[in-house]
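The following paragraphs lead the reader through one protein structure, step by step. Please keep the sequence and the three-dimensional view at hand while reading.

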Amino acid sequence: RGLRDKMAVALRSMAAVAEFRDDELLHLHLVTDPPSTALATPLLQHCLHRARFSYQVTFHDVDSLTHKLFPIVEAMQKRFSAGSGTYYSDSIFFLSVAMHRIMPPEMTQIVQLDLDVKYRTNIRNLFEEFDKFQPEAVIGIARELQPVYRHALWQYRRENPGTVVGEPPPGIPGFNSGVVLLDLGRMRSSALYNRLLEPGNVEKLAEKYRFKGHLGDQDFFTVAGMEHPGLFHPLNCTWNRQLCTWWRDHGYADVFDLYFQCRGEVNIYHGNCNTPIPEE
């Protein structure tokens, strides 16, 4: 029921505020297993039946994607997955990292969003962020709004006093992958980005920053962004207004608000760690 409710909030809120031109079509891609597909199909019809735009839905089988992903992301799973060892099923948490390798070449841009979101503005405006990418940028992503990486990078920070790594803005707090803009065309053609995916280079990055994470793609993007910030277009925090406050109650109350503050009108709420999203 939890998953169904989250999906309903996401779909209804998107449909309520989305507007597209008559010649445009919103293509929704859902990564599912068979039970989720059975749940999602009637829900999509119910939540989008009054949508004022044309749309198309494609379901991607999670096992099929995992099979393609595993060889590409196996090395980073050892560094950026929860628990010890490399679990085949964990590969799906690295989908955004290697999307350009497994989606067809005619797919050139995609916005990946977690399901626990609520839209407060037209999603078409988010696609316009692609036009703001600097020449080297391949991915658009907002900052992490908790001191996750202040904690995870404690060893590097201790060995490098004065570093801005893990610091709140204007430092480098790391990224949150709840909303990610993937320019697949640029990801395919960026020699630098594809070099970073090589197992040896993943290991070098993780070693340099003394890093062991558990949040999948966003851990990789965070350490890659520390080393090569030009690969990432900084999305405004209002496009991924995270609501989780877990770290405030786990040792970081004194600095929490320095990370958590996000000025401006919220475009997308992200109810991460099962945090309730405000009713309006």
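Is Cys-273 buried, partly exposed or exposed? The model examined here is a predicted one. In this model, Cys-273 has a relative accessible area of 47% and is therefore partly exposed, since that class lies between the limits of 20% for buried and 50% for exposed.

A search of the whole structure finds two of them. The link of Cys-244 and Cys-273 is right-handed, with 100 degrees about the S-S bond. Cys-244 lies in the loop between E8 and H12, whereas Cys-273 belongs to the segment after E9, so this pair ties together parts that are 29 residues apart in sequence.

Cys-237 is buried, with a relative accessible area of 9%, and Cys-262 counts as buried at 13% relative accessibility. When the bonded cysteines of the chain are numbered in sequence order, the pairing reads 1-3, 2-4. A further cysteine, Cys-47, has a relative accessibility of 8% and so counts as buried.

Attention now turns to the sheets. Strands E4, E9 and E8 form an open sheet of three strands in the order E4-E9-E8, with mixed pairing. Strand E4 (117–119) and E8 stand at the edges and have a single partner strand each, so one side of each is left without a neighbour in the sheet. E8 and E9 run parallel and are joined by two bridges. Within this part of the model, Arg-241 stands opposite Tyr-269 in E9.

Another open sheet consists of four strands in the order E3-E6-E5-E7, and its pairing is also mixed. E3 and E7 stand at its edges, each with a single partner strand, so one side of each has no neighbour in the sheet. Neighbouring strands of this sheet are turned by 25 degrees against each other on average, direction ignored.

How many of the nine residues of strand E6 (residues 175–183) are buried? Nine of the nine are buried, so E6 is largely enclosed by the rest of the structure. Strand E3 (residues 109–113) runs antiparallel to E6, and five bridges join the two. Within E6, Leu-182 is the bridge partner of Ile-110, and Leu-181 is the bridge partner of Val-111. Strand E5 (residues 139–143) also pairs with E6 in the antiparallel sense, over five bridges. There, Arg-143 stands opposite Phe-175 in E6.

Helices accompany this sheet. Helix H4 (residues 95–102) lies across E3 and E6 and runs at about 150 degrees to E3. H11 packs on the sheet as well, touching E3, E5, E6 and E7, and its direction makes about 80 degrees with that of E6. H4 is mostly covered, as seven of its eight residues are buried. The buried residues of H4 are Leu-95, Ser-96, Val-97, Ala-98, Met-99, His-100 and Ile-102.

The last step concerns a pair of helices. Two packed helices are described by the angle between their axes and the distance between the axes. Helix H10 (residues 199–208) and helix H11 (residues 217–227) pack at an angle of about 80 degrees, and their axes are 10 Å apart. Such an angle makes H10 roughly perpendicular to H11. Which residues of H10 and H11 meet? Val-202, Leu-205 and Lys-208 in H10 meet Phe-220, Val-223, Ala-224 and Glu-227 in H11. By class, this contact of H10 with H11 has five nonpolar, no polar and two charged residues.

Key: Residues are numbered from 1 along each chain as its sequence is written. This is a predicted model: local features need pLDDT of at least 70, side-chain atom pairs count only at pLDDT 80 or more; totals for chains, interfaces and linings use all residues. Side-chain values use heavy atoms; hydrogens and water are left out. Axes are lines fitted to C-alpha atoms, for helices over the stretch in contact, and angles run from 0 to 180 degrees between N-to-C directions. Angles under 35 degrees count as roughly parallel, over 145 as roughly antiparallel, 65 to 115 as roughly perpendicular and the rest as oblique. Contact means heavy atoms within 4.5 Å. Ala, Val, Leu, Ile, Met, Phe, Trp, Tyr, Cys and Pro count as nonpolar, Asp, Glu, Lys and Arg as charged, and the others, Gly among them, as polar. A disulfide is a pair of cysteine sulfur atoms within 2.5 Å. Buried means under 20% relative accessible area, exposed over 50%, partly exposed in between (1.4 Å probe, protein chains only). Two strands pair if DSSP finds at least two bridges between them.
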